[in-house]
Amino acid sequence: MPPDQPTGYLIVSAVLFTIGVVGVLVRRNPLIIFMSIELMLNAVNLSFMTFARYLDSVDGWIFVFLVLTVAAAEVVVGLAIIVSIFRTRRNIDIDELDSMRG
Amino acid sequence: MQVFDLTPLVLLLPLLGFLVIGSLRLFGLHEHTEMISWLGCGFVAAAFVCALVSFVTLTNAITSVSDTTLWSWTDHTGNLSVSIGLRLDALSAVMLLVVTGVGLLIHIYSAGYMHGDPSYWRYYSFLNFFIFAMVLLVAADNFLFLLVGWAAVGLASYLLIGFWYQRPSAVAAAKKAFVVNVIGDFGLLLAIFLLYSKFGTLAYTGILFDPRNPGAAAASAFGVNDPMLIAITLLLFLACAAKSAQLPLHVWLPDAMEGPTPVSALIHAATMVTAGVYLVARTSNLFNYAPTSLWVVAGIGGATALFAASIALVQNDIKRVLAYSTISQLGYMFMAEGAGNYAAGIFHLTTHAYFKALLFMCAGAVIHALEGEQDIRKMGGLRKKMPWTYGTFLVGGLAIAGIVPFAGFWSKDAVLGTLLAQGTASGASPWYLVLYGVGLATALLTGFYIFRLIFVVFHGTYRGETVGAETQAEARARQRRRGDPLARVHEAPWIMLVPMVGLAALSTIGGLYGTPWGDVLSQFLAPVLGINFLPDTFVPQGALLWISFGAGLVAALMGIGVAIVMYLRRTPALKPMRNPLYQLLLHKYWLDELYDWVLVKPVVGAGRLANRWIEGGLLDGGSRGLAWLVGKTSIGLRTIQSGYARNYALVLLVGALIILLYYIVMIRP
Amino acid sequence: MHITATTVAFVVLAVTAVLSGLGVILFRNAVYSALSLILNLFSLALFFLLLNALFIAVVQVLIYTGAIMVLFLFVVTMLAPDAQDTEQRDPIRWQKGVAAGLGVILAGGLSYLLFNTVLSPAARASAGDSLSKTVDKFGSIQAFGMGLFHGFLFPFEVTSVLLVVAILGALVLGRRASRD
């Protein structure tokens, strides 16, 4: 049987979340940034599942399901955007999109 | 017969004239010069008639005082209540006659002199305004109203000196007159404050006359030479010195000659400048209890008389000579008042009004005939072309020099006689005799400078350019053709001559109401001038009387004699001399330059500094600095918008962390 | 605390998840990152199993790993299959350090909260119908279905609209710019 406290799971969730955040800030390849965002979403999913188990409620499962769906939609649209922006370039670097400077 | 107090009419008629003529511009009627002349002269003529009627009815009841209250005002605390009104008594009646009478003559004269001037309507409306203001000053029955009139005549003077405002010199002169006058206004204002604090009221009846005991002076309650009283009287005299152009505040009067000549005649000879003399006479009940102040008055009067006469000796502008002459004669009036004889001061005021206005009118006729020339070195030989002007000028000259039986002789002798009588009375101060000597010396100088003027302008040969010629070449051509540069010069028109002749007549017989044997004027004024005023004390007794007559006459004749020697020839001695005394006098003792250095330049410099530092640095720089600051801040803040999405994400994270930390720290679960 | 199989499984999975997560952000090659992410998602699915959520675990594998990551790989290999992450000058070099520091703070803050809050049994009791009982009775799919269609019907329907919008958006964005 799983231990009484959900601490372990939540710590893993926090760590994964942080890794995702750092990834967004540090990497310049937009695809990897996107993947980091997915990582963050999954960390949160883990957190929800943990609480569903330990609060004994199905609401957590529902949330995860909805997050999953939205993440799928988001990936679709996001990748479409990335493709349309970077289709013609040789290298892809998010820092090149700096026309909002100033 | 009851006293007909028409003073309110005398006040309001010129005001009406000012408003009516002034409003003609609005209706586009300002070009009808004939109508304007009739209106302008008409209002003043009506005022004169009213003044005359009031005066005549007053002569039957000399001691009566008629007070017409126009308006009562109390402040909300009930502490200060002033009732504004007009007072008709002997003194104000005399002054009203002089102001409206001479004023009327000058209005008539102006119709000729100012003919053709484009601002004719403005001239007459201002002139009427001046008469109104002067009447206000003279007829007020309390000090507050007096102050209003005092300031109003200053305003009128400013408006009229700067009448030809397109001329920068005229504008500068008007400003100078106003600024110097304001110094006097300041003194008057302070005096009013002190008067109120000492007497609790501002009305003449409370301050000058004891309300419980008419005829007695209210100031007697404070004893002789009370320090506050001295302060008050000296401040009042400060106002008089500014308005009546005494040392050292005389500097505005010669510059005021920039105005039209009739203005100079009216304001700066006959009426406005005499306001100071009037004020001292009016407040005789205060001055009598502050003998120290009276000495100041007499001293400054004497010094001014001699000082101004000395400058008049060498001036080359016909109006400047007359201006300095006015200053000098005003000094005479103050000398008499300082010796206690206020009636003599008023007497000389009236006669001076006649002959000085006359002299200015004649000068105006000359200037008019020569189309603007005022330098006497360019005149000469005008006697034949302008006989009437010459004749009346001669009468005026004899009057001012003090030759018997002209008016000036009697009034000047009243002044000198007072000084002699006071000086030889038992236990008297010898300073009176010093002042007497000053008066005699001034009489000598007066005779000299006025006849210098007459001879240089009217005798000899004409030294100027051809009158009416546009260019030098035309002048020479005319001279070759006709040989007479004065061909176009003509006598003044009758409308100018009639007032001149009238004033000449007054200058001849106008002294007869003040002779020592029948001093009607002193008796008339005595009730107003205070209970201590005994006219007989001012007349030298016995042989001294004839000595005083003789000395004055001799001094004047000596002056005239020197003038004859120097100037009554075909080519009078007009070359400028190098010697330092001459230069000193010519440059008016360099007083204007001194004032400029000591007073004007520092103030203007301070103003410029203030402009640079306060206006430029503080205010301008403040607002510009604020703008600069905002600009710099916004440039600094702009760096946040780096354009990199990752940066924005970082900011998001920072925000989230702040909330997290806040939660941890503040809201401990 | 005694070591059970569950604990061991948990530890192994935790390590895998963290390491693969690090792999996502540290690999230069985008394909390696994607593969690392797949591994991470798998381990999360196994976590879900450990948490007694059979249905969700399978859904995670199917949708996330199966559909979404395939899409990712597709785009990665299309755009920059073997490109090293561009070694051009990083215009904001300092961000690396700052991000690392802030990450530490974030992790620390979250952990602090975790260690200082104790899940109270009371919360547990008030959370509605007991999930574990339902799962025991009906099975996890039924449990999930009952929760979804009883309490969360509206969000479910909205989600379907969302998916349609996403499809349309992808279609529009993916078109080549037409020359008019």
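How many residues does the contact take from chain A and from chain C? In this predicted model, local features need pLDDT of at least 70 and side-chain atom pairs count only at pLDDT 80 or more, whereas totals for chains, interfaces and linings use all residues. Residues are numbered from 1 along each chain as its sequence is written, and chains are lettered from A and ligands numbered from 1 in the order in which they are written.

The contact (C-beta atoms, placed from the backbone, within 7 Å) takes 61 residues from chain A and 71 residues from chain C. On the side of chain A that touches chain C, at least two residues each come from α1 (7-26), α2 (30-55) and α3 (59-86), helices being DSSP runs of H or I with at least four residues, numbered from the N terminus. The most is given by α3(A), with 19 residues. By class, this side of chain A comprises 41 nonpolar, 13 polar and 7 charged residues, where Ala, Val, Leu, Ile, Met, Phe, Trp, Tyr, Cys and Pro count as nonpolar, Asp, Glu, Lys and Arg as charged, and the others, Gly among them, as polar.

In chain B, helix α14 (residues 318-338) has 21 residues, which at 1.5 Å a residue should span 30 Å, in agreement with the 31 Å between its end C-alpha atoms; the expected span is 1.5 Å times one less than the number of residues. Of the 21 residues of α14(B), 21 are buried, that is, 20 or more other C-beta atoms lie within 10 Å of their own, with C-beta atoms placed from the backbone. B:G340, which follows α14(B), has a positive phi near 105 degrees.

Conventions: Contact = placed C-beta atoms within 7 Å. Buried ≥ 20, exposed ≤ 12 C-beta atoms within 10 Å, placed from the backbone.
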